[in-house]
Amino acid sequence: MSAGSVAPSGPLGPGDLHLHSDHSDGTEPPAAVMAAAHRYGIRTAALTDHDTTSGWAEAADAAVSLGMSFLPGMELSARHEWRSVHVLAYLVDPDDGGLRALTDRIRESRLTRARTMADRIGRDYALTWEDIEAQTAEGATVGRPHIADALVARGHVRDRGEAFSGILSPRSDYYVDLYAPDPVTAVAAVTGAGGVPVVAHPAGRAGLLPDRLVRGMLDAGLAGFELGHRENTEPALGTLRRLVEERGLIATGSSDYHGRGKPNIPGENTTPDDAIARIVALGTGSALVTP
């Protein structure tokens with residue numbers, strides 16, 4: 001995929017800028033994810049697998065073949081104290097040294113954590129590493145969703161939701177922490193790679209991030225917030241709307257589609273043309289792929 005951005009020509013929206021494939025914790029290959037987005041009327045789609053860009057080529061080819069535009073993306077893991085913070089990274093250069101070092105470290109941590117959790121769970125439940133690998137697409141980094149799928153396949157839980165609320169819960173004795181950088185470092189890594197950082201589902205159950213942290217992220221180049229997401233709630237969402245308006249930030253909307261891994265449906269929240277065009281204008285690390 002070539003570096004730099006292209007000027008949008010013609011309608012870009014509706015856009016769904018938060019979709020996952022089986023290269024991370026989705027259940028479908030990248031091409032199938034693009035096909036699902038197309039069925040629901042999406043014109044511009046972003047594949048945002050966790051801490052990897054490995055699905056871009058397949059997704060871009062599929063999107064273009066369906067007459068859609070493809071916006072290269074990634075969901076970068078970060079952490080503030082006890083809380084996970086996910087930074088959507090659009091149009092980054094996948095070969096940027098700083099970003100690659102960061103994602104390599106995160107993925108290695110994911111693999112180490114998965115092995116440790118599997119060992120702990122295996123002491124009490126019939127579960128092997130091979131069971132987990134059987135639920136993981138080739139090239140994908142093993143994570144908790146794959147352990148959940150293995151637990152479902154073994155009949156220990158009904159679905160991912162039950163696994164995450166019980167055996168895989170952070171309150172469980174089986175749980176192991178994941179390395180993730182602080183959010184300011186994550187935002188700086190994205191901008192350093194020519195990308196456009198947007199905080200995913202920023203008004204969810206955990207509430208708003210502290211003002212001091214948000215200011216630090218903005219100073220590091222944070223471009224906007226994913227305001228359209230089923231996990232966002234009021235009154236936190238209203239606070240972010242005002243911040244977006246006051247600071248002239250980008251507001252996006254997305255489904256956070258995971259195939260069978262979540263009930264989310266492509267297009268349930270969308271990003272309009274003007275917001276997509278602003279992302280494309282800001283990104284210099286990789287290009288919007290158009291039909």
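**Cavity**

For my own record, a cavity is a set of points on a 1 Å grid over the protein atoms alone where a 1.4 Å probe fits but cannot get out, and lining residues have an atom within 4 Å of a point. Points are joined across faces, edges and corners, and the volume is the space filled by probe spheres set on them. This is a predicted model, where local features need pLDDT of at least 70 and side-chain atom pairs count only at pLDDT 80 or more, while totals for chains, interfaces and linings use all residues. Residues are numbered from 1 along each chain as its sequence is written, and side-chain values use heavy atoms, with hydrogens and water left out.

The largest cavity holds about 30 Å³ of space. I listed its lining as R110, R113, A114, M117, V142, G143, R144 and I147. By class that gives 4 nonpolar, 1 polar and 3 charged residues, with Ala, Val, Leu, Ile, Met, Phe, Trp, Tyr, Cys and Pro counted as nonpolar, Asp, Glu, Lys and Arg as charged, and the others, Gly among them, as polar. Helix α3 gives the largest share, 4 residues, and α3 and α5 each supply at least two. Helices here are DSSP runs (H or I, at least four residues), numbered from the N terminus.

**Helix α5**

Next I checked α5, residues 144-153: 8 of its 10 residues are buried, meaning under 20% relative accessible area with a 1.4 Å probe, protein chains only (exposed is over 50%, partly exposed in between). Among them are R144, H146 and D149. Their cover includes α3 (97-122), α4 (129-133) and α6 (160-165). Just after α5, G155 has a positive phi of about 85 degrees.

**Rings**

How many aromatic pairs does the rule count? I got 1. The rule pairs Phe, Tyr and Trp rings (six-membered ring for Trp) with centres within 6.5 Å; planes under 30 degrees apart are stacked, over 60 edge-to-face and the rest tilted. Y125 and Y174 have ring centres 6.1 Å apart and planes at 70 degrees, so I noted the pair as edge-to-face. Y125 sits in the loop between α3 and α4, and Y174 in the loop between α6 and α7 (183-192), 49 residues apart. Y125 is partly exposed because its relative accessibility is 30%, whereas Y174, at 14%, counts as buried.

Technical notes: Contact means heavy atoms within 4.5 Å. On a 1 Å grid over the protein atoms alone, a cavity is a set of points where a 1.4 Å probe fits but cannot get out, and a pocket is an open set with protein on both sides within 12 Å along at least five of seven lines; lining residues have an atom within 4 Å of a point.
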